[in-house]
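The reader may wish to keep the structure in view while following it.

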Amino acid sequence: MATSIEFQDVLEKMRLELRRGVIVIAVLGQLREEHYGYSLRKSLEDKGLPMDEGTLYPLIRRLQKQGLLDSEWRVESNRKKRFYQLNVLGLDVLTALSEEWQAMNVTIHRILD
């Protein structure tokens with residue numbers, strides 16, 4: 001029988017794997033509206049998906065490099081901030097991933113029921 005520590009270790013690793021799979025969809029979904037890094041992070045946290053900067057900022061850079069985001073530097077509250085938003089390609093990718101997510105979710109519910 002597994003010890004409580006073994007169970008917690010395995011569970012935490014599995015949670016991280018599961019979370020990695022949904023973070024991209026969550027970030028793309030939030031970027032249907034314009035955000036700068038901190039506002040995006042706060043918005044995700046307010047909706048129940050806290051994320052540290054070391055995860056979020058590299059992901060934003062990767063999504064932009066993949067051509068899914070447009071960005072613009074602006075001064076707001078006397079600070080220079082980079083604002084991000086989905087472009088047409090990003091919206092198309094989000095739509096396709098959302099459809100895939102919904103289909104997978106139905107399948108997983110069938111398997112677990």
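N87 is found in the loop between β3 and α4. The model in which this residue is described is a predicted one. N87 has a relative accessible area of 16% and is buried, because the limit for that class is under 20%. Leaving out residues up to four places away in sequence, N87 touches G67, L68, L69 and D70.

**A residue of helix α4**

L94 lies in helix α4, which spans residues 88–112. L94 is buried, with a relative accessible area of 6%. When neighbours within four places in sequence are set aside, the contacts of L94 are I25, L28, G29, R32 and L86. With R79 the picture is one of separation: L94 and R79 are 15 residues apart along the chain, and their C-alpha atoms are separated by 30 Å.

Between β1 and β3 the pairing is antiparallel and runs over 2 bridges. H35 stands opposite Y84, a residue in β3.

**The nonpolar core**

The largest nonpolar core has 17 residues, and within it V27 and L69 touch the most other members. Two or more residues of this core come from each of α1 (4–30), α2 (37–46), α3 (53–65) and β3 (79–86). Which element gives the largest share of this core? It is α3, with 4 residues.

Not counting residues up to four places away in sequence, V27 touches L40, L44, M51, L56, L59 and L63. L69, the other residue with the most contacts to core members, is also among the residues touched by N87.

**Salt bridges**

Side chains of opposite charge can pair when their charged atoms come close. The count in this model comes to 6 salt bridges.

| E12 | R15 | 3.5 Å |

E12 and R15 are 3 residues apart in helix α1, so about one helical turn separates them. E12 is partly exposed, with 39% relative accessibility. R15 is likewise partly exposed, at a relative accessible area of 47%.

E53 counts as partly exposed at 43% relative accessibility.

D46 and K42 both belong to helix α2, where they lie 4 residues apart, about one turn of the helix. Is D46 buried or exposed? At 55% relative accessibility D46 counts as exposed, because the limit for that class is over 50%. Elsewhere, salt bridges that share partners join E34, E72 and R74 into one network.

**A nonpolar surface patch**

Which residues make the nonpolar surface patch of about 430 Å²? They are M104, I108, I111 and L112. M104 is placed in helix α4, the helix that also holds L94. M104 counts as partly exposed, at 44% relative accessibility, whereas L94 is buried.

How values were computed: Residues are numbered from 1 along each chain as its sequence is written. This is a predicted model: local features need pLDDT of at least 70, side-chain atom pairs count only at pLDDT 80 or more; totals for chains, interfaces and linings use all residues. Side-chain values use heavy atoms; hydrogens and water are left out. Patches are made of residues with over 30% relative accessible area and no salt bridge: like charges are joined within 9 Å, nonpolar side chains (Val, Leu, Ile, Met, Phe, Trp, Tyr) within 5 Å. Accessible areas come from the Shrake-Rupley method with a 1.4 Å probe; for residues, only the protein chains shown count as cover. A salt bridge is a side-chain nitrogen of Lys or Arg within 4 Å of a carboxyl oxygen of Asp or Glu. Buried means under 20% relative accessible area, exposed over 50%, partly exposed in between (1.4 Å probe, protein chains only). A nonpolar core is a set of buried Ala, Val, Leu, Ile, Met, Phe, Trp, Tyr and Cys residues joined through side-chain atoms within 4.5 Å. Contact means heavy atoms within 4.5 Å. Two strands pair if DSSP finds at least two bridges between them.
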